[in-house]
Amino acid sequence: MCRIMSFHKRVLRSVGKGPVRRNLFGPVDRKQLQQDYHTALKQDLEEASQRWGFNFLTEMPLDDSNFLWEGVSGEKVPLVYRSSRIRRNLGFFREESTLSEASVSMETGSVSAEAAPGMLQSGKENVPGTPEKHTNNLQDLERTPVKQDGNSNILKRKQTNITDFYQAKKRDVGSSRKSGQ
Amino acid sequence: MELLCLEKDTVVRAQQDPNIFSDDRVLQSLLTIEDRFLPQCPYFKHFQQDIKPFMRRMVSTWMLEVCEEESREEEVFPLAINYLDRYLAVVQTKKGCLQLLGAVCLFLASKLKESRPLTAEKLCLYTDNSITSQELLDWELVVLGKLKWNMAAVTPHDFIEHILYKLPLPKDKLSLIRKHAQTFIALCATDFSFAMYPPSMIATGSVGAAVCGLQMDRAERALHGDNLSELLAKITNTEVDCLKSCQEQIEQLLRSSLRESQERQQRLQQEALNRAASKGVDPATQSQSSTPTDVRDINL
């Protein structure tokens, strides 16, 4: 074992040239970086719009869409397929960390992982729809902790909304059980 | 009564499933899909303007060091490099962004492969805080989008066990050969000339170099020279000549790395001696610990 390690270490350590903790290419242009970030996300969103003939910001099909889009009421589909817009209004995306119920935050996790199957270019990896959706909320996500004091009433409102949503979900389960009986 | 938790704080890995390695379909599927995860083009030639190959070497070296320092799983580093290359093949990038991207790729690869992934804070620390956690998270999203969320890329590591399983290797040498092959794979990932090679070829070349380097007993004829190359080539449907040249390239890379390492070590030893001499300590006792202990390992 010692021999194994010595070879491994000697070869791989040989590439190192000093302390691991180091800045490689000097200072980073923060402003430019932020700008590039927003451009990149916008570009992704546009590509997705073109690919699917759907405006994800207004949640409306484009005129020249190759797909026939058909509206389905949120109540008819499982939670994870519901529009992120609605979920967002419910404060779902924003306040993941403030959720007290473990089960709720678990659900949020699965929401962001499966929210929009096949929304973007890739068919297999399901998540692609989400990054664009996040585009809108991300700023909020970034901002919330900073402005927490000023936004405390919004925070509160979101919390109650989650509770509302949770109850709504409970009712769903109850009613489906009834129909099953 | 006291409650004691005797669980050790170690990574627990699943045992190898022999079904995966004895069934040829797994290997064939890997070979079929591996090309999908190659970078779209050798991006330094026509695409990238600001960044140069030596910068990729700088950032990949740093990424490897972070993985070594943090004792990450072997697959994390090559997978992160796969992300980096694929991203750089589709997005023109400024060199100021490169370390951030390297950190993002490590972050993603670690999350995909490990039960206890690297944290954003730690990665930022390794960049000497030249980037913030928020930037890391922001750009994580960008990289994911550009790679179309295709993160479960095939890497050379995926082939290692398949290849070892099919070679008539002595049991006692197996773990040593595996470890050496993994080292070669990491080494290849730091060098851009391997970036466009299919992972199976790098894996085969690495195993080949590992077996040759250890110079097995003469008894096992299948593991020598052309016999070994032909056997390996057959396992991964590679052309023998391609495989041989790949293996030679790997051995070349190892030689130059070891040379660098030796020079570095000598330099360090000299410095240590100088320091010791200036403090009036007997230099002989100081230098003993850093003397290379194992010459056999460098056999090629």
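**Figure 1. B:S130 in the loop between α7 and α8 of chain B.** In this predicted model, B:S130 sits between helix α7, residues 120-126, and helix α8, residues 133-146. B:S130 is buried, because its relative accessibility is 9% and the cut-off for buried is under 20%.

**Figure 2. B:D128, in the loop between α7 and α8 of chain B.** The backbone of B:D128 has a phi near 60 degrees. That value is positive, and the residue is not a glycine. B:D128 has a relative accessible area of 37%, so this residue counts as partly exposed. The loop that holds B:D128 also holds B:S130. B:S130 is buried, whereas B:D128 is partly exposed.

**Figure 3. B:P117 in the loop between α6 and α7 of chain B.** Helix α6 covers residues 95-113. B:P117 is partly exposed, with 32% relative accessible area. Its contacts are B:R72, B:S110 and B:K111, once neighbours within four places in sequence are left aside. B:F107 lies 10 residues from B:P117 along the chain. The C-alpha atoms of B:P117 and B:F107 are 7.5 Å apart.

**Figure 4. B:W149 in the loop between α8 and α9 of chain B.** Helix α9 spans residues 157-166. Phi of B:W149 is positive, at about 60 degrees, although B:W149 is not a glycine. B:W149 has a relative accessible area of 13% and therefore counts as buried. B:D128 also has a positive phi, near 60 degrees, but B:D128 is partly exposed.

**Figure 5. Chain A, with its six helices and two strands.** Along the sequence, the elements of chain A run α-α-β-β-α-α-α-α. Chain A has 181 residues, and 39% of them count as buried. Contacts in chain A between residues at least 6 apart in sequence include a share of 57% that join residues at least 24 apart.

How values were computed: Residues are numbered from 1 along each chain as its sequence is written. Chains are lettered from A and ligands numbered from 1 in the order in which they are written. This is a predicted model: local features need pLDDT of at least 70, side-chain atom pairs count only at pLDDT 80 or more; totals for chains, interfaces and linings use all residues. Side-chain values use heavy atoms; hydrogens and water are left out. Helices (H or I, at least four residues) and strands (E, at least two) are DSSP runs, numbered from the N terminus. Buried means under 20% relative accessible area, exposed over 50%, partly exposed in between (1.4 Å probe, protein chains only). Contact means heavy atoms within 4.5 Å.
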